[in-house]
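Please keep the sequence and the model open while reading.

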Amino acid sequence: MQTAESFQQIYQRACDRKGGATALEALLGQSATAADIAAIPDNLLLGELTKKVFQSGFVWRVVRQKWPGFCEVFFDFDIEKMLLMSDEMLEAKARDERIIRNAAKVFTIRHNAMMIDDIARKHGSFARFLADWPVSDITGLWAYLKKHGARLGGNTGPYALRAIGKDTFILSDDVEAYLRATNVFDGGVSSKRSLQQIQQQFNLWQQQSGRSMQQLSQIIALSVGENVVGMQR
């Protein structure tokens, strides 16, 4: 039965597949510092959550193209203004041609504004709350966003965190397939038990490597699947 490899084994295979360590390192991203995250205005964070909600199951490029329209329609995601939106106002905005017209997703904006406002009252700002959450329990933050937010389950919450610079791994298809094949977990990928097992393995790899969670998952993804140098995807 195959088990998860050491970080060095994964790293070496990724290097071999991508043409060496220099080429591999050029493909890796950098997370923001806690101070940088804590300084992000909460309206921008609501905007990022909203962008990822609309990108889920949709063409990301189209959402990016329409994003200026979203900012106009929703007053740059000002938290107080979003809290004052009535159902009738949200329904009207869901018909605005400047945005992607999906009423169910439009209503998540007010719900997530309420979550952000509640957290800000307790922690000073939503940004500070995110900045202070330990990456050694990043799946706990995923679970919090899923429970208290709207449509932030699956990879939507993690992708939003990645977009603002919060250090998190992503359970992409390649990463999930690797973790399942090496028996890191054997149940549903979104179950509490599976996420705890996955978090423990990433914590071990982080101890072995000193790498960020972001880079760990990127290296795993680049070490498996069909993304070999010269191969057409």
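## Basis

This is a predicted model, in which local features need pLDDT of at least 70 and side-chain atom pairs count only at pLDDT 80 or more, while totals for chains, interfaces and linings use all residues. Residues are numbered from 1 along each chain as its sequence is written, and side-chain values use heavy atoms, with hydrogens and water left out.

Helices are DSSP runs of H or I with at least four residues, strands are runs of E with at least two, and both are numbered from the N terminus.

## Core and cavity

The largest nonpolar core has 67 residues. A nonpolar core is a set of buried Ala, Val, Leu, Ile, Met, Phe, Trp, Tyr and Cys residues joined through side-chain atoms within 4.5 Å. Buried means under 20% relative accessible area, exposed over 50%, and partly exposed in between (1.4 Å probe, protein chains only). F74, F126, L130, L179, F202 and W205 touch the most other members of this core.

One cavity of 30 Å³ or more turns up in a search of the whole structure. On a 1 Å grid over the protein atoms alone, a cavity is a set of points where a 1.4 Å probe fits but cannot get out; a pocket is an open set with protein on both sides within 12 Å along at least five of seven lines; lining residues have an atom within 4 Å of a point. Points are joined across faces, edges and corners, and a volume is the space filled by probe spheres set on them. The largest cavity has a volume of about 50 Å³. Its lining includes F126 and L130, both named above for their core contacts. Helices α4 (42-55), α9 (126-132) and α11 (156-164) each supply at least two lining residues. By class, the lining has eight nonpolar, no polar and one charged residues. Here Ala, Val, Leu, Ile, Met, Phe, Trp, Tyr, Cys and Pro count as nonpolar, Asp, Glu, Lys and Arg as charged, and the others, Gly among them, as polar.

The largest pocket holds about 420 Å³ of space. It is lined by 20 residues, and W142, G154, V189, S190 and L195 are the closest to its centre. Two or more lining residues come from each of α10, α12 (173-181) and α13. The largest share, five residues, belongs to α10. The lining has six nonpolar, nine polar and five charged residues.

## Ring pairs

There are 15 aromatic pairs. Rings of Phe, Tyr and Trp (its six-membered ring) pair if their centres lie within 6.5 Å; planes under 30 degrees apart count as stacked, over 60 as edge-to-face and the rest as tilted. W60 and Y159 are edge-to-face, because their planes stand at 85 degrees, with ring centres 5.5 Å apart. W60 is in helix α5 and Y159 in helix α11, 99 residues apart.

W67 and F77 are stacked, because their planes lie at 15 degrees, with centres 5.4 Å apart. W67 is buried at 13% relative accessibility, and F77 is buried at 2%. Ring pairs link F54, W67, F70, F74 and F77 into a cluster.

## Single residues

D76 has a positive phi of about 55 degrees although it is not a glycine. D76 sits in the loop between α5 (60-73) and α6 (79-83) and is partly exposed at 46%. R151 also has a positive phi, near 60 degrees. R151 lies in the loop between α10 (138-148) and α11.
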